[in-house]
Amino acid sequence: MAVGWMTVLKLVPWGEVIKNAPVIADRAKRLWDTVGSKPPVAEGQVAPGSSVVAAAGPHDTAALRAQLAEAEASITQLHEQMQASSQLIKALAEQNAELVQRVESIRVRSWWLVGALALVGAIAGLNLAVTL
């Protein structure tokens with residue numbers, strides 16, 4: 001069988017994960033804000049920085065218009081995919097941050113339980129020593 005879960009969990013640098021979780025969540029939120037606020041390119045608009053070459057004849061114009069319409073549809077589809085991807089990244093980053101917080105609280109709680117168990121063991125040992 002493959003490597004056990006405990007081995008895999010031991011290999012994860014939890015200190016780095018916990019330290020970087022807020023940064024990852026913040027950057028994912030900024031990505032979503034940036035991508036979510038940009039409207040898709042409307043039909044007939046030209047993207048900044050692009051140029052349109054004047055066609056030589058009516059057949060060339062029709063072909064260029066068809067290519068332009070195809071490119072606009074492709075850009076719109078890519079923009080929608082980018083928004084969906086960035087929304088997914090944001091959700092995953094938020095879940096990761098919440099998971100890291102819960103793991104940290106479980107780690108702290110388990111150390112408290114280890115301390116309480118050691119105290120109870122010491123009291124039980126003293127009690128046993130006194131009664132014998």
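This is a predicted model: local features need pLDDT of at least 70, side-chain atom pairs count only at pLDDT 80 or more; totals for chains, interfaces and linings use all residues.

Reader: Fine, so how many helices and strands does the protein have?

Author: The protein has 3 helices and 0 strands, so the elements read α-α-α when you start from the N terminus. Helix H1 covers 5–11, helix H2 takes in residues 14–37, and helix H3 spans 58–131.

Reader: And where is confidence lowest, and where is it highest?

Author: Confidence is lowest in H1, where the mean is 72, and highest in H3, where the mean is 89. For the protein as a whole the average pLDDT is 79, and 80% of the residues score at least 70.

Reader: What share of the residues counts as buried?

Author: Of the 132 residues, 8% count as buried. The protein exposes about 10,900 Å², and carbon and sulfur atoms supply 67% of that area.

Reader: How far apart in sequence are the residues that contacts join?

Author: If you take the contacts between residues at least 6 apart in sequence, 90% of them join residues that are at least 24 apart.

Reader: Why does Trp 14 count as partly exposed?

Author: Trp 14 has a relative accessibility of 32%, and therefore counts as partly exposed, given that this class runs between the 20% cut-off for buried and the 50% cut-off for exposed. Val 103, which is found in helix H3, is also a partly exposed residue, with a relative accessible area of 30%.

Reader: How far apart are Val 103 and Trp 14, in sequence and in space?

Author: They are 89 residues apart in sequence, and their C-alpha atoms are 9.2 Å apart in space.

Reader: Changing topic to charges: how many salt bridges does the structure hold?

Author: It holds 2 salt bridges. In general, side chains of opposite charge can pair when their charged atoms come close. One of the salt bridges joins the side chains of Arg 102 and Glu 98, at 2.8 Å from N to O, and these two residues of helix H3 are 4 residues apart, about one turn of the helix.

Reader: Is Arg 102 buried or exposed?

Author: Arg 102 counts as exposed because its relative accessibility is 52%.

Reader: What about Glu 104, which residue does that form a salt bridge with?

Author: Glu 104 forms a salt bridge with Arg 107, and the closest N and O atoms are 2.6 Å apart. They are 3 residues apart in helix H3, so about one helical turn separates them. As for accessibility, Glu 104 is partly exposed at 23%, and Arg 107 is partly exposed at 41%.

Reader: Last one, Ser 86: buried or exposed?

Author: Ser 86, which is found in helix H3, is buried, because its relative accessible area is 3% and the cut-off for buried is under 20%.

Reader: Which backbone oxygen does the Ser 86 side chain reach, and what does Ser 86 touch?

Author: The side chain of Ser 86 reaches the backbone oxygen of Gln 83, at 3.0 Å. Leaving aside residues up to four places away in sequence, Ser 86 touches Leu 31, Trp 32 and Val 35.

How values were computed
Residues are numbered from 1 along each chain as its sequence is written. Side-chain values use heavy atoms; hydrogens and water are left out. Buried means under 20% relative accessible area, exposed over 50%, partly exposed in between (1.4 Å probe, protein chains only). A salt bridge is a side-chain nitrogen of Lys or Arg within 4 Å of a carboxyl oxygen of Asp or Glu. A polar contact is a pair of N or O atoms within 3.5 Å; within protein, one must be able to donate a hydrogen and the other to accept it, and residues adjacent in sequence count only if both atoms are side-chain atoms. Contact means heavy atoms within 4.5 Å. pLDDT is the predictor's confidence in each residue, from 0 to 100. Accessible areas come from the Shrake-Rupley method with a 1.4 Å probe; for residues, only the protein chains shown count as cover.
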